[in-house]
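Visitor: I am new to this structure and would like to learn how to read its salt bridges. Could you walk me through them?

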Amino acid sequence: QVQLVESGGGLGQPGGSLTLSCAASGSIFKILEMGWYRQAPGKQRELVARIRSGDSTNYADSVKGRFTISRDNAKNTTSLQMNSLKPDDTAVYYCNAIIGTIAGYTYLYWGQGTQVTVSS
């Protein structure tokens, strides 16, 4: 079993910055991908950013140039640096990870979510 624990959410001001972190623990053979999704009230969960084992990244158009995802393979962590925050960034942010097993299977895990509110 794998656990993902997010931290770093809270209140940010428009134009300000916040950093989210996510730590994976448990029975981990290989992390293939880690990512951040968000869900605003009344909206579907959407991809924010993801980073693969080769460090290739994808970003939602709405956050390109403002958010940066990174990972520390040795610590099984990922971070999301969020700059130039906008009220539209307000949402619950979820970390996820695709974990590969030694037998070749893959499993998707989610964190519990952390609230980010952007308001003056």
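This is a predicted model: local features need pLDDT of at least 70, side-chain atom pairs count only at pLDDT 80 or more; totals for chains, interfaces and linings use all residues.

Visitor: Which residue forms a salt bridge with Arg52?

Guide: That is Glu33, with 3.5 Å between the closest N and O atoms. Arg52 belongs to strand 5 (residues 46–52) and Glu33 to strand 4 (residues 30–39), so their pairing ties together parts that are 19 residues apart in sequence.

Visitor: Are these two partners buried or exposed?

Guide: Arg52 has a relative accessible area of 29% and is partly exposed, whereas Glu33, at 12%, is buried.

Visitor: What about Arg38 and Glu46?

Guide: Their side chains meet in a salt bridge, at 2.8 Å from N to O. Arg38 is buried, with a relative accessible area of 6%. Glu46 has 36% relative accessibility, so this residue counts as partly exposed. Salt bridges with shared partners also join Arg38, Glu46, Arg66 and Asp89 into one network.

Visitor: Where does Lys64 find its salt-bridge partner?

Guide: Lys64 pairs with Asp61, and their closest N and O atoms are 3.1 Å apart. Asp61 is exposed, having a relative accessible area of 64%.

Definitions and conventions:
Residues are numbered from 1 along each chain as its sequence is written. Side-chain values use heavy atoms; hydrogens and water are left out. A salt bridge is a side-chain nitrogen of Lys or Arg within 4 Å of a carboxyl oxygen of Asp or Glu. Helices (H or I, at least four residues) and strands (E, at least two) are DSSP runs, numbered from the N terminus. Buried means under 20% relative accessible area, exposed over 50%, partly exposed in between (1.4 Å probe, protein chains only).
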